[in-house]
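Take a walk through this protein chain, from its overall build down to single residues. Keep the sequence and the model side by side as you read.

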Amino acid sequence: MENNKLIFAVNCYEELVNHGRSQLPYEACGLLSGKNQTVQSIWKLKNELNSDRRFFVGEETVNQTLQSIAKREEKVLAIYHSHPMTAPVPSYTDMLNHPDSEVNMIIISFKTKNPLVKCYSIQKNSYKEQPFLIEPFV
């Protein structure tokens, strides 16, 4: 639905892509939070697996990050991760481990020269691509 599109300021979008690039050859991961579907904060988390095909963040780190998001009176809008060598499509494992159908999944692919970013809603074992907006100033 149109009013559920995530909105990124250009600098937030660039920060997201740069985080993915900085973690190559491994997957990057993190959370996006904000208000009214507008991304206001990027929470870069450490992929504890140091893997190019999976990511994992410990429960304590996730809980501390969620507390910090709550202190800002924001809500989690998306979980993001990168695919260093594959297309930006959710894998079976991505869908299986996605914790909340109300939270989008963002995947940044570095398979091609120019990174490709996709947003998805995840429902059980299926996904649907969701459009998002990049605006100069939010």
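For 138 residues, a compact globule would have a radius of gyration near 14 Å; this chain has 14 Å, so the two agree. The model is a predicted one. Along the principal axes, the C-alpha atoms fill a box of roughly 35 × 30 × 30 Å. Of the 138 residues, 45% count as buried. The chain exposes about 8200 Å². Carbon and sulfur atoms supply 50% of that area.

Now trace the fold. The chain has three helices and eight strands. In sequence order they read β-α-β-β-α-β-α-β-β-β-β. Among contacts between residues at least 6 apart in sequence, 65% join residues at least 24 apart.

The largest nonpolar core has 18 residues. Leu 6, Phe 8, Leu 16, Leu 32, Ile 106 and Val 117 touch the most other members. Six elements each supply at least two residues of this core: β1 (6-9), α1 (10-22), β3 (38-45), β4 (75-83), β5 (104-109) and β6 (116-123). Helix α1 gives the largest share, four residues.

Leaving out residues up to four places away, Leu 6 touches Gln 37, Leu 77, Ala 78, Asn 104, Ile 106, Cys 119, Pro 131, Phe 132 and Leu 133. Two names on that list return elsewhere in this account. Ile 106 is, with Leu 6, among the core residues that touch the most other members. Phe 132 belongs to an aromatic cluster with Phe 8 and Tyr 13.

The structure holds four aromatic pairs. One of them joins Tyr 120 and Tyr 127. Tyr 120 is buried, at 4% relative accessible area. Tyr 127 is partly exposed, at 38%.

Which charged side chains pair up in salt bridges? There are two such bridges. In one of them, Glu 15 meets Lys 44, with the closest N and O atoms 3.4 Å apart. Glu 15 sits in helix α1 and Lys 44 in strand β3, 29 residues apart, and the pair links distant parts of the chain. Glu 15 has 33% relative accessibility, so this residue counts as partly exposed. Lys 44 is partly exposed too, at 44%.

The other bridge joins Glu 129 and Lys 118, at 3.2 Å from N to O. Glu 129 lies in strand β7 (residues 126-130) and Lys 118 in strand β6, so the bridge ties together parts eleven residues apart in sequence. Glu 129 is partly exposed at 44% relative accessibility. Lys 118 has 22% and also counts as partly exposed, because buried means under 20%.

Turn to the loops. Arg 53 is found in the loop between β3 and α2 (59-71). Setting aside neighbours within four places in sequence, Arg 53 is in contact with Glu 27, Met 85 and Thr 86. The C-alpha atoms of Arg 53 and Tyr 26 are separated by 7.5 Å, although the two residues are 27 apart along the chain.

Last, the backbone. Most residues other than glycine have a negative phi, and most peptide bonds are trans. A cis peptide bond joins Leu 24 and Pro 25, with omega about 15°. Pro 25 lies in the loop between α1 and β2 (29-35).

Asn 50 is not a glycine, yet has a positive phi of about 45°. Asn 50 is in the loop between β3 and α2, the loop that also holds Arg 53. At 41% relative accessibility, Asn 50 is partly exposed. Lys 124 has a positive phi as well, about 55°, and is not a glycine either. Lys 124 is placed in the loop between β6 and β7. With a relative accessible area of 76%, Lys 124 is exposed.

Notes: Residues are numbered from 1 along each chain as its sequence is written. This is a predicted model: local features need pLDDT of at least 70, side-chain atom pairs count only at pLDDT 80 or more; totals for chains, interfaces and linings use all residues. Side-chain values use heavy atoms; hydrogens and water are left out. Rings of Phe, Tyr and Trp (its six-membered ring) pair if their centres lie within 6.5 Å; planes under 30 degrees apart count as stacked, over 60 as edge-to-face and the rest as tilted. Buried means under 20% relative accessible area, exposed over 50%, partly exposed in between (1.4 Å probe, protein chains only). A nonpolar core is a set of buried Ala, Val, Leu, Ile, Met, Phe, Trp, Tyr and Cys residues joined through side-chain atoms within 4.5 Å. Contact means heavy atoms within 4.5 Å. The radius of gyration is taken over C-alpha atoms; the globule rule is 2.2 Å times the number of residues to the power 0.38. Accessible areas come from the Shrake-Rupley method with a 1.4 Å probe; for residues, only the protein chains shown count as cover. A salt bridge is a side-chain nitrogen of Lys or Arg within 4 Å of a carboxyl oxygen of Asp or Glu.
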